[in-house]
Amino acid sequence: MAYATAEEFRLFIRHSGPFSDEETAQAEFLLDLAGACIEEETGQSLELSTDTVLLDGTGTHQLVLPRWPVTAVHTVTLLGDLAADEVLTEGADHDFTWSASGRLTRKGACWPEGDRNVEAVVTAGLATIPKSLKRVALRLCVAPWSNPNNLSSETLGDLSRSYNTATDIGMELSSSDRKLVSVYQARTQG
């Protein structure tokens, strides 16, 4: 998922004039890596998509879906080894309800205990990327763009440059980035 565009990155680094085709490809590649870095930290894809997930029944009234925010639960089916699969009905007066935070609540019964015995078709993720995550992605791209060899300094004729290699380590989230991104971490059963 692209958290920003190559044009937004160009503006972020104050690059004068449009990117060449090669610079656009390089920026898009770095932005893809930045998005992967963010999603590795969150433990979930943040892109809005509809997926079929298999859940372990807990023997309790609640299950936690692996991705959030949830925008729709299309179907929930109890899978049986010997019996026919049972499709449940959503609603407070029916079999289950769901929340945007990723909880499936069984009404009038518990989820059956077992491995991969509840199948749900769920739409989850973000329709638009928050500006705070866009900023993190753009910032992650700056060091590998401006200092791709991770040099501590360089001299070209009369021009000498020093880099702060403690922070120019490439695609690493800072502690403040981790705190911001942690808001979107995947939830686990528990």
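Strand β5 (residues 96-98) and strand β6 run antiparallel and are joined by three bridges. The model is predicted. Two of the residue pairings can be named. F96 has R106 in β6 as its bridge partner. W98 is partnered by L104 in β6.

The two strands form a hairpin with four residues between them. In this hairpin, G102 adopts a positive phi near 95°.

## The four-stranded sheet

Another open sheet holds four strands, in the order β1-β7-β3-β4, again with antiparallel pairing. Its edges are β1 (49-57) and β4 (86-88). Each of these has a single partner strand, so one side of each is left without a neighbour in the sheet. Neighbouring strands are turned by 30° against each other on average, direction ignored. Strands of a sheet pair through backbone hydrogen bonds, either parallel or antiparallel.

Strand β3 (residues 70-78) pairs with β4 in the antiparallel sense over three bridges. In one of these pairings, V76 has L88 in β4 as its bridge partner.

## T77 in strand β3

T77 lies in strand β3. Is T77 buried or exposed? Its relative accessibility is 9%, so T77 counts as buried; the cut-off for buried is under 20%.

Which residues does T77 touch, leaving aside neighbours within four places in sequence? The contacts are D85, E86, V87, N117, V118 and E119.

## Salt bridges between helices

The whole structure contains six salt bridges. Side chains of opposite charge can pair when their charged atoms come close. One of the six joins the side chains of E41 and R178, at 3.6 Å from N to O. This pair links distant parts of the chain. E41 sits in helix α2 (residues 21-42) and R178 in helix α4 (residues 175-181), 137 residues apart. Both ends are partly exposed: E41 has a relative accessible area of 25%, and R178 has 34%.

## The R135, R139 and D177 network

R135, R139 and D177 are linked in a network of salt bridges. The side chains of R135 and D177 meet at 3.9 Å, N to O. R135 lies in helix α3 (residues 131-146) and D177 in helix α4, so the pair ties together parts that are 42 residues apart in sequence.

D177 also forms a salt bridge with R139, where the closest N and O atoms are 2.1 Å apart. This pair again links distant parts of the chain, with D177 in helix α4 and R139 in helix α3, 38 residues apart.

Which class does each member fall into by accessibility? D177 counts as buried, at 1% relative accessibility. R135 is partly exposed at 37%. R139 is partly exposed at 29%.

Key. Residues are numbered from 1 along each chain as its sequence is written. This is a predicted model: local features need pLDDT of at least 70, side-chain atom pairs count only at pLDDT 80 or more; totals for chains, interfaces and linings use all residues. Side-chain values use heavy atoms; hydrogens and water are left out. Two strands pair if DSSP finds at least two bridges between them. Axes are lines fitted to C-alpha atoms, for helices over the stretch in contact, and angles run from 0 to 180 degrees between N-to-C directions. Buried means under 20% relative accessible area, exposed over 50%, partly exposed in between (1.4 Å probe, protein chains only). Contact means heavy atoms within 4.5 Å. A salt bridge is a side-chain nitrogen of Lys or Arg within 4 Å of a carboxyl oxygen of Asp or Glu.
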